[in-house]
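Student: Could you take a close look at one part of this structure for me? I'd like the details in one go.

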Amino acid sequence: MEELIEKLKVQLIEQLNLEDMEPEDIDADEPLFGTGLGLDSIDALELIVLLEKEYGIKIQNPKDGQKVFFSLRTMAEFIKENQK
Amino acid sequence: MSRVVVTGIGIISSIGNNLEETHNSLIKKKTGISGIDILDTKHRGEFLVGEIKLTHEELIKLAKVDKSQAWTRTALLGIIAAKQAMADSKIENETNLALVSASTVGGMDRSELYYKDFLTEAKNHRFIDSHHAGNSTEMIAEQCGIGGLITTISTACSSSLNSIMFGARLIRSGNTSCAVVGGTDALSRFTLNGFNTLMILDKGHCRPFDATRTGLNLGEGAAYLVLEEYESAIASGKKIYAEVSGYANANDAFHQTASSEDGDGPYLAMKNALDIAQLKPSDISYINVHGTGTDNNDLTEGKALIRLFAKDLPPFSSTKAYTGHTLGAAGVIESVISIISLNNKIAPPNINFKNVIEEIGIKPTNELIELEKPDHVLTNSFGFGGNDSSVIFSAVKQVIPESVMASSLTDIPVYIVGLGCVSPQDTVSRDTFLEDIMEVDSTFLQIQKPNYRDYIDPKQLRRMSKIVRMGIVSAKEAMKDAGIDNPDAIITGTGMGCQIDTEKFLNSMIDNDEGLLTPTSFIQSTHNTVGGSIALGNHNHNYNLTYVHRTFSFESALLDSMMLLNEKKANELLLGGFDEITDESWLIKTKIGHYKTEKITGDLFKDDQIGARAGEGSSFFVLSDKKTDNAYAKVLGVEMFFRPESAKAVQDKITIFLSKHELLVEDIDLVILGNNGDTEFDRNYQELEQSILKESNTINYKHLCGEYDTSSAFATWMAARIIKENKIPVSFGAKSNPSQLIGKVLIYNHFRNINHSLILLSK
């Protein structure tokens with residue numbers, strides 16, 4: 001799990017073009033949206049594509065993204081559960 | 001102030017090829033939404049669209065145009081609708097007839113087919129020059145014999161309501177007596193895939209204002225209205241469909257794609273349109289809502305309706321379940337539907353509606369109903385970049401309200417009171433003025449990058465491509481220079497728009513065969529991204545328009561700015577012109593001889609390679625109706641003309657333009673010319689220097705900024721500083737420091753002898 005989280009940090013920074021950030025700046029449990037990292041709805045759509053591209057997991061309804069992308073840990077858990 | 005009426009209508013969409021068919025489909029609840037048959041996409045069978053079931057060849061026939069020419073589907077749809085409108089109004093080749101058109105992605109329907117050829121093989125290169133957003137406008141002007149001012153607006157999905165508004169204002173202000181206004185957009189893989197990345201496409205039929213809605217259906221089409229001055233329409237005994245009584249544009253300033261929770265932008269657009277028309281909410285008989293069928297739009301538009309209309313909410317409906325969302329054409333197509341509603345005393349049903357959205361509790365009319373008092377109808381269009389517009393059409397009354405007639409034309413002087421410039425030269429700082437010219441080490445000129453972090457929050461910066469960054473920096477510099485925090489309007493021009501994002505989305509769409517695409521570059525590719533981003537950063541809810549017509553883009557924005565100040569709708573506004581260059585866009589234009597391919601070692605103006613040296617940049621100005629201590633210059637006027645017949649015609653245009661300002665050529669102290677090193681077209685300038693400008697003091701500017709569509713904004717920046725400082729930069733050598741005062745400066749520029757423009761500044 002921790003390994004996957006570390007990998008996700010790098011992918012997140014790249015996909016969302018978070019120029020100033022290093023993987024160690026992101027806490028696995030902090031909220032990605034709103035108060036935490038401050039991502040928005042467009043970022044959520046970018047992350048949906050990231051899941052499909054890197055992990056072969058499709059999210060059909062963008063609203064489902066809210067729970068999955070709460071934090072890096074929830075994202076990693078979701079990947080573990082859904083990856084074949 | 002003149003009243004403006006509609007005397008001709010032309011329309012083509014998936015619910016009909018003309019006005020009568022459109023009317024019939026509406027009353028028979030006949031939708032145009034279907035599977036995809038014409039557009040060549042891998043999403044066939046997956047999405048439903050409002051597609052016109054005519055092939056490219058069939059459209060060429062219907063448009064009655066020469067099949068050997070390079071036509072985009074967007075241009076063909078536009079020509080078909082504009083020809084209908086002109087025939088309906090019985091207007092012919094009038095030299096004073098203006099054309100204000102709109103489009104979101106211009107010639108993308110062909111570009112996306114041939115893009116890889118543009119970069120490589122000499123096949124399909126004739127479609128390279130039909131890509132820009134103003135192309136369909138020029139094709140319409142040529143096919144319909146329109147000889148007056150032509151321009152194009154692109155503010156995403158609100159585009160064509162803004163072209164109706166601008167056309168009406170051109171007539172009201174006396175700039176022209178008649179105008180063809182509207183917009184056109186064909187379905188493209190670019191927009192289909194783009195909206196798909198946003199996950200707001202409904203795979204079934206869209207259900208606007210229904211609680212179970214899950215998104216929109218895209219559509220295509222074009223519509224045009226002929227607008228005329230009321231008195232002359234009456235005098236010539238014309239059929240009058242409606243009066244254009246109100247219009248407004250406002251910015252939501254909330255998010256690049258989503259609407260604010262309470263629909264601030266939509267509320268302001270509707271309210272301001274009512275104010276212009278001097279109407280109360282209870283006067284409106286029917287509203288054709290934007291109603292796309294997305295979760296966000298319908299909820300927030302509904303909230304805005306309740307805020308403004310409260311208990312007086314009239315019957316309303318969205319007609320997007322008939323036509324699909326036709327993007328740049330949506331505003332004018334729904335205007336035609338609103339006029340049908342006004343003339344036939346009906347409200348077209350909002351088909352597919354069943355369940356009321358609980359949060360708002362309002363129900364659109366889902367049956368064809370008769371209207372009790374069809375005096376005034378309102379229509380809404382909202383777009384990316386928070387760009388929101390509303391237009392009101394009214395039944396024509398003989399009695400003119402006194403208050404309307406009382407407001408007369410004004411002639412308020414317009415001053416440049418602040419400026420900011422990002423260019424291939426060191427221009428951001430106002431402490432220097434082109435003293436040292438940058439050495440050029442590439443075939444085209446690129447901007448000197450400012451430190452963006454000094455101007456833009458890194459969190460916002462990560463999505464912004466070069467054009468947005470330089471736009472914001474120069475806009476902020478101009479506002480700082482003028483000492484203002486927030487302008488009363490933001491009016492911009494860009495010829496090619498956000499090329500980096502467009503290329504990025506287009507390439508990945510083609511390379512990945514329409515799969516695994518992400519939304520950011522699609523969202524950022526819209527032409528009004530810079531204007532929208534400035535509004536967003538400044539929480540600016542005011543008027544916000546973007547003109548996208550090659551070398552008329554900045555000039556149109558300047559004209560609009562001067563009109564807005566004269567209408568007293570603004571005291572201080574922000575005006576800008578910008579374009580960006582990329583390796584790929586440069587390469588493509590070298591294929592058709594527009595740009596030079598090799599580095600220039602000697603004098604640019606004596607270089608014998610084909611084409612111009614390309615460049616880029618962004619210049620912004622704060623214009624004010626008051627002369628401040630910081631004032632640079634007064635803007636006396638701007639003029640655009642399309643395809644002049646001869647060199648003599650250009651000379652006549654210049655002398656007539658000057659005479660309008662009671663000036664002769666010899667009264668001009670300095671002429672700034674658009675020579676760009678393309679010997680074939682620089683001949684135009686030489687001919688002038690050998691004729692009417694023989695005795696004039698002339699300088700060039702494109703050796704500093706390169707050739708790009710909005711380079712006249714750079715020339716304007718230069719002229720303003722020359723006038724204020726009363727000196728020509730030392731780098732201009734012998735031309736520097738003329739003995740007398742530089743009181744009047746004329747800028748003349750043209751693009752390949754097609755689009756010509758004049759800008760006149762004075763002390």
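**Cysteines, then a helix pair**

Tutor: B:Cys705 is buried, with a relative accessible area of 0% (buried means under 20%, with a 1.4 Å probe and protein chains only). This is a predicted model, where local features need pLDDT of at least 70, side-chain atom pairs count only at pLDDT 80 or more, and totals for chains, interfaces and linings use all residues. Residues are numbered from 1 along each chain as its sequence is written, chains are lettered from A and ligands numbered from 1 in the order written, and side-chain values use heavy atoms, leaving out hydrogens and water.

So what about a bond for B:Cys705? The closest cysteine sulfur, in B:Cys421, is 8.2 Å from its own, too far for a bond. B:Cys178 is buried too, at 3%, and its sulfur sits 13 Å from the closest cysteine sulfur, in B:Cys144, again too far. Across all chains there are zero disulfides (a pair of cysteine sulfur atoms within 2.5 Å).

Now for the helices (DSSP runs of H or I, at least four residues, numbered from the N terminus). In chain B, the axes of H4 (residues 108-119) and H16 (residues 499-511) come within 10 Å and cross at roughly 60°; axes are lines fitted to C-alpha atoms over the stretch in contact, with angles from 0 to 180 degrees between N-to-C directions. On the H4(B) side, the contact (heavy atoms within 4.5 Å) uses B:Met108, B:Glu112, B:Tyr115 and B:Lys116. H16(B) brings in residues including B:Leu506, B:Met509 and B:Ile510.

Definitions and conventions. Buried < 20%, exposed > 50% of the residue type's maximum accessible area, 1.4 Å probe, protein only. Helix = DSSP H or I, 4+ residues; strand = E, 2+ residues; numbered from the N terminus.
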